[in-house]
Each structure stands twice: as C-alpha cells, then as structure tokens.
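Please look through the structure shown here, taking your time over the places where side chains meet and where the two parts touch. The paragraphs that follow lead you from single residues to the contact between the chains.

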Amino acid sequence: MTSLLRLRHLETLEAEAIQIIREVVAGTQNPALLFSGGKDSILLLHLAALSFRPAPVPFPVVHIDTGHNFPEVLGFRDRYVEQLGVELVVGSVPDALAAGTVRESPGATSRNAIQTPVLLDTIAKYRFDALFGGARRDEEKARAKERILSVRDEFGQWDPKNQRPELWDLYNTRIPADGHLRVFPLSNWTELDVWQYIADRELPLPPLYYAHERPVFERDGMLFADTGFLPRRPGEQVVSRTVRFRTVGDMTCTGAVLSDATGSAAVLRELIASRLTERGATRADDRVNETAMEDRKREGYF
Amino acid sequence: MEMLRLATAGSVDDGKSTLIGRLLHDSRAVLRDQLEAVARASRRGGTGDLDLALLTDGLRAEREQGITIDVAYRYFATARRKFIIADTPGHVQYTPNMVTGASTAQLAVVLVDARHGMTEQSRRHALICSLLGVPHLVVAVNKMDLVGYDEQTFRRIDEEFTDFSARLRTPDITALPISALTGHNVVTRSGAMPWYDGPTLLSHLEQVHVAADGNLVDPRFPVQCVIRQPSYRGYAGRIASGVLRTGDEVVVLPSGRTSQIAGIDTPAGPADEAFAPMSVTVRLTDDIDVSRGDVLARPQNQPHVTQDLDTMMCWMARSPLREGDRVLVKHLTRTVPAVVGRIEYRIDVNMLRRHEAERLTSNEIGRVRLRTPEPLVVDDYHRNRQTGRLIAIDPVDGSTLAGATIRLS
C-alpha cells in the first residue's frame with residue numbers, strides 16, 4: 001500500500017474525501033447523496049460506505065430521474081443501493097411534468113433545465129440540509145471555482161462572487177437560514193484518478209462505460225444513442241458502432257465515443273492518449289455557451 | 001505517484017493566471033477542446049494572441065473584467081508528480097479567496113513583476129503564506145522579457161525579497177527569473193538568460209522535497225464520529241499527525257482517560273499501523289467515554305489542553321474584529337464558542353512591523369487572544385500545522401470570519 005509512511009496520491013484523495021463525508025455527516029442534521037448512476041457518484045457512494053464501515057451509510061441516496069435515463073443505469077442503481085442497504089429517494093421529472101409543477105419548453109429535447117426545480121422540490125420536501133455530489137473541479141471551469149462545501153441559498157442558487165473562505169481542512173458546516181450545503185468530496189479528483197481508483201479497487205460500473213455495440217447517429221461531432229427521446233434531423237443516419245460513454249447523464253445530451261476498451265485498464269490507456277476532456281467530448285449541455293455551467297449552477301444545478 | 005499542491009500569489013497583473021496557463025500548455029496538460037475554447041474567447045477579447053489566463057479565469061465576471069476573482073483549481077501531471085494548482089486572485093479585496101487557495105498548498109509561487117519589484121500585495125501574500133505555514137516558497141520574478149532579461153534586475157528583487165523574508169518563518173525560499181508570456185524558464189530553459197543556471201519552474205516543482213513536511217512524530221487523532229454496531233465500536237477520524245499502532249497506549253483528551261489501541265481499520269482493511277494523513281477508524285480495548293471532538297494522543301507525548309489561545313489571526317470579515325466580540329472557533333473536530341480577548345498588535349504588511357491596534361479590519365493580520373469556555377487540545381503551530389490552527393465562525397450567520405494559527409508561549 002505504502003512505503004516509508006507516505007501516501008500515494010489516490011490514497012491521499014481517498015482520505016480527504018472520507019474526512020469530508022464524515023465531517024458533514026457529523027455537522028449537519030439531514031444529509032443525502034445525489035446519485036446519478038454515473039461513475040463519479042458510484043465512487044462517491046463507495047467512499048461513503050467506507051467512511052462508516054461496518055455501519056451502513058447513514059443517509060439516503062437521491063436520484064433525479066429525468067425519464068430519459070439509460071435503462072442500464074437505472075438497473076445498476078437499484079442493484080447497487082440494495083447491495084449497500086441504503087434508502088433510495090427518487091425525484092421524478094415525468095411525475096413533476098404530469099403534476100404540472102414543471103413545464104417543458106416547446107420543442108426541447110433536453111430536460112437539463114427542468115431537472116433543477118425537481119431537485120430543489122425534492123430537497124425541500126425531505127428537508128435535506130446537505131447534499132453530497134460527485135462533481136469534480138477538473139470537469140469544467142465553473143466547477144473549478146466552487147468550494148468543497150458550497151453554500152446555496154433558499155433557491156438553491158450558487159453565488160460565485162460571495163463564497164465562504166475555506167481554510168485548510170477545517171470545513172465549516174454551518175448552514176444559513178433556509179439554505180443548504182452542496183458538498184463535493186471528489187473536488188480534487190481528475191477523470192484519470194477516478195478511473196485509476198475504479199481499476200485498483202475493481203468497482204462495478206454500468207456496462208455503458210465499456211465498449212459495446214450500439215445504434216448511434218452523429219450530430220455536432222458527437223455520437224448519440226438512437227432512442228425515441230432525441231428525434232433525428234434530416235440526414236442523420238443511424239449506424240452501428242462500438243462505443244462507450246465517458247459520462248453518463250440524460251440520454252439526450254450525453255454523447256458516446258468510439259472505443260474498444262472493454263475493461264477499466266483499457267479505459268485508462270485510452271484516457272491517457274486522449275486529447276479531449278470528458279465533457280468537451282461528450283456533453284452537449286456544456287456547449288451552449290462559454291458560461292453554461294456557471295449559469296446553471298446559479299439556478300441551483302449541481 | 002506523489003502529489004504536490006501549490007498556489008500562485010502576487011499582485012494583480014503580475015501574471016499568475018498566465019503562468020498557470022503556460023505551465024499547463026507547455027507540459028501538454030491542455031486538451032484540444034479547452035485550447036479551442038480559449039482561442040475562441042481570445043479572439044473575442046480582441047488582442048488575437050492566445051490568452052492563456054482564460055484557461056483558469058472561468059467565471060463570467062472574470063472574463064468580462066479580465067481579472068481573477070476567486071481561486072480556480074487546475075490539475076496536471078508529469079512523469080514525476082501530480083500537481084494541484086490553486087490560481088488565486090491578486091486584488092486585496094479578494095484576499096479571503098487567496099487565503100482559501102494558499103491554505104492547502106505545500107508550495108506557493110509568489111509572482112513579482114520584474115519592472116516594479118516587490119509591492120504591498122506581494123509582501124502581503126508572502127506573509128499570509130508564511131502565516132498559513134506553507135513550507136516552500138518560490139519567488140518567480142516574472143516579465144523578464146520586459147526588462148531585457150537583465151540579470152541585475154533579477155538580483156535586486158531577489159535581495160529585496162531575501163531581506164523581507166528573513167523575518168518570515170518559511171523554511172525554504174527559492175527565486176527564479178521567468179517570463180510566463182514567452183515561456184522562458186517555465187517549462188523549458190531560456191537561452192535569453194545564460195547567467196541563470198538554476199532549474200526551470202517546472203523542474204523545481206517536480207523536485208522540491210516535501211516528504212519531510214508532515215509531522216510523523218507526534219501522534220494526534222481527532223475523533224470525527226463514533227461508529228457503533230452490535231459488536232463493534234470504533235472512533236472514526238483522520239490522523240492529524242504521527243503514527244498509530246495496534247497495542248499503543250493512548251490518552252483521550254481533554255478527559256485524560258487512558259486505554260490501548262485494539263485495532264485500526266483503514267479503507268483497505270484492518271492494519272497494525274496507520275499514519276497521517278490517513279482516514280481510519282480506531283478501536284480501543286476499553287469501553288470508555290470517547291466522543292466527537294476528543295483527541296487521542298500518547299501518554300508520554302501529549303498536546304496542551306487549554307482555554308486560553310494566543311493566535312496570529314488573518315481577519316477576513318467585512319466588519320472589524322474588536323475585543324469582547326463573540327465568535328465560534330472550529331479547531332480539529334471541535335466547535336466551541338470563544339470570546340475575543342486582547343488584540344496585542346496588528347502587523348504592517350510592508351515593513352512587518354507591529355502596530356498597536358484596538359481592532360482588526362478586513363484582511364488585516366494581527367495577534368489576538370481568545371478564551372473558550374471548554375478546553376481545546378492544541379499544539380504550537382510551528383511544531384504541528386494540523387493541531388495548531390483554527391477558524392473563527394460567525395455564530396449568527398455561520399460565515400467564516402478568520403483563520404488563525406496558535407502559538408504556545
């Protein structure tokens with residue numbers, strides 16, 4: 001594991017994340033973990049389980065289901081939470097649409113924008129005062145600016161010009177009236193760190209992360225899964241390709257990359273050679289404009 | 001692989017964000033889509049040259065104003081080390097954000113504009129880094145291209161900094177002549193400065209010796225929470241310093257009860273030995289009263305248990321600190337109320353002189369006494385960075401007001 005009483009970088013990141021998770025659980029009343037079924041939230045839940053072992057994870061897992069999730073991911077989610085014995089809370093976008101609490105703008109295919117009000121309603125309904133998320137600072141330039149413990153107001157909004165100082169590892173878990181905390185224990189992990197850890201510890205992932213054959217079509221230089229949720233435009237041909245997903249989100253905004261990597265070691269080799277970032281390669285939601293992520297965070301997004 | 005956390009510091013326009021952009025770019029850590037985005041934004045900005053600062057200035061307001069407001073974190077690796085870089089803002093009004101970025105750094109690069117020499121901000125930042133206990137400092141004399149790569153200019157600033165830093169308690173200080181804009185001595189050696197025979201910035205970052213920075217001498221284990229199961233009782237926490245071994249006698253502070261380590265559970269499974277900064281769960285042989293906030297130490301090597309704290313404080317709130325103010329203090333895993341006692345002096349940042357003060361205003365540094373109704377378990381900051389520091393929190397709105405280091409007389 002170690003030599004000469006020095007920690008390798010993955011063990012340092014692991015120790016930091018566990019400290020943060022424990023500190024927030026000790027310092028808040030009603031935390032929860034936002035789980036998307038993606039690799040980062042799977043890693044985060046794994047670290048939460050390590051933090052309290054042999055006791056169970058002492059908080060529920062929240063999933064905001066857009067109704068456009070990959071079925072493989074939902075299946076994985078259900079098996080994983082059952083295996084860990086944690087409670088699952090689902091905030092459903094289709095239910096919110098049916099109840100009329102959110103509305104889709106006409107012609108919109110992505111449910112990114114209406115995910116946020118459903119998340120905020122779920123937080124309010126269960127009175128969560130701290131939400132763990134798997135966001136990493138290397139993902140995106142607005143995320144690179146956010147504190148590990150990020151204060152959100154009663155509307156879930158992030159105010160990037162008014163962040164609390166965050167010194168050393170002395171995390172301030174005090175919550176302002178009506179607000180809550182977003183907590184990012186994986187802040188300092190990179191995509192490569194996550195994959196190295198997954199390979200080292202043999203963490204299970206949904207099969208989407210590894211090379212598989214799938215009908216896809218190309219749009220804006222990205223490969224999208226051919227599903228009923230994302231109507232094809234004229235000229236967009238469906239072809240069968242061997243692909244894998246670098247990020248797993250809503251099917252309408254998550255692109256795949258061509259890949260032969262069928263295991264975590266092969267994914268690692270592929271990443272080391274890659275000249276594109278994971279969000280740049282595969283996320284249509286970040287391409288809207290220069291500050292798309294900051295704008296969404298200001299509205300309460302993770 | 002080993003990890004190095006570093007922060008940049010210095011005045012506005014000394015080129016911090018450009019330097020980081022240059023480090024990332026020349027070490028091939030910038031990926032194609034990021035570079036394309038920067039190129040697009042640079043064209044929009046007007047100059048046409050690739051503006052590497054845009055790699056880290058990610059907020060809308062930062063791009064609009066062309067300045068850094070809050071700290072940005074960037075990640076890159078070479079064959080030798082992994083790096084986490086905190087790009088901190090230079091404006092004095094954003095000092096709390098600079099403190100945030102520097103607090104977790106093992107090394108700080110203070111940039112100095114070769115044309116202007118040391119400024120109040122570069123002195124302030126060097127002082128803050130010293131106060132925060134950042135063990136390694138690099139003075140990067142930047143914009144050497146604008147002074148004709150002149151050796152005398154570099155030597156003069158180096159001496160100026162050496163004079164100033166003689167009064168700081170930073171064990172390792174190195175000066176380098178660079179040009180972030182043109183890349184001289186950042187990643188590749190400069191032919192324009194043959195008089196300089198030291199390492200480039202990147203090779204210094206790859207080689208600086210950090211293994212001895214942590215305290216592995218004094219065992220201190222602050223308890224974060226108690227993990228209870230029908231046949232299990234363990235104390236979870238992150239080892240602040242030192243080494244713990246199964247069979248060790250331990251004392252629980254502040255109560256003073258003693259016990260023995262029955263076993264240590266690490267993320268990788270049970271272990272006979274664990275050391276700082278590992279997150280572990282410790283089991284004891286006796287069922288004694290231990291709760292969050294307590295500290296395990298060795299009976300022969302105990303920290304101080306005290307209600308009176310003598311601190312060097314960096315005050316970051318907008319309203320001033322006065323004697324008699326009430327704050328919350330978070331130290332290790334314990335949060336307690338505290339009353340502000342005497343403000344002994346504030347430090348004049350330029351000359352490092354002490355001035356009498358009745359209050360500390362925003363971003364001032366001074367020596368402040370605190371008294372707490374409950375005892376804290378502390379060490380002197382110069383002996384133990386982890387156990388010798390605290391933050392002050394506003395008891396009403398929960399905001400973070402100050403960071404401070406503890407000295408024992």
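Arg77(A) counts as buried, since its relative accessibility is 8%, where buried means under 20% relative accessible area, exposed means over 50%, and partly exposed covers what lies in between (1.4 Å probe, protein chains only). Its partner Asp78(A) is partly exposed, with a relative accessible area of 38%, and Asp78(A) forms a salt bridge with Arg77(A) in which the closest N and O atoms are 3.0 Å apart. A salt bridge here is a side-chain nitrogen of Lys or Arg within 4 Å of a carboxyl oxygen of Asp or Glu, and by that rule the structure holds 42 salt bridges over all chains.

Before going further, note that this is a predicted model, in which local features need pLDDT of at least 70 and side-chain atom pairs count only at pLDDT 80 or more, whereas totals for chains, interfaces and linings use all residues. Residues are numbered from 1 along each chain as its sequence is written, chains are lettered from A and ligands numbered from 1 in the order in which they are written, and side-chain values use heavy atoms, with hydrogens and water left out.

Helices (H or I, at least four residues) and strands (E, at least two) are DSSP runs, numbered from the N terminus. Glu160(B) is partly exposed at 30% relative accessibility, while Arg123(B) is buried at 16%.

A second pair, Glu374(B) and Arg334(B), forms a salt bridge at 3.6 Å from N to O, and it too links distant parts of the chain, with Glu374(B) in strand S23 (residues 365-378) and Arg334(B) in strand S20 (residues 334-348) of chain B, 40 residues apart. Glu374(B) counts as partly exposed at 35% relative accessibility, whereas Arg334(B) is buried, with a relative accessible area of 14%.

In chain A, ring pairs link Phe35(A), Phe76(A) and Tyr80(A) into a cluster.

The backbone also deserves a careful look. Arg53(A) and Pro54(A) are joined by a cis peptide bond with omega about 5°, and Pro54(A) lies in the loop between helix H2 (39-52) and strand S2 (61-65) of chain A. In chain B, the peptide bond from Ala276(B) to Pro277(B) is cis, with omega near 0°, and Pro277(B) is found in the loop between strand S14 (273-275) and strand S15 (279-284). Arg127(A), although not a glycine, has a positive phi of about 55°, and this residue is exposed at 69% relative accessibility.

Finally, turn to the place where the chains meet, taking contact to mean heavy atoms within 4.5 Å. How many residues does each chain give to the contact? Chain B gives 83 residues and chain A gives 60 residues. The area buried between them is about 6,000 Å², with 56% coming from carbon and sulfur atoms, where buried area is the accessible area (1.4 Å probe) that two parts lose on being put together, summed over both. Seven salt bridges are found across this interface, and Arg6(A) forms a salt bridge with Glu2(B), the closest N and O atoms being 2.7 Å apart. On the side of chain B that touches chain A, the largest share, six residues, comes from helix H2 (residues 32-45) of chain B.

How values were computed
Rings of Phe, Tyr and Trp (its six-membered ring) pair if their centres lie within 6.5 Å; planes under 30 degrees apart count as stacked, over 60 as edge-to-face and the rest as tilted.
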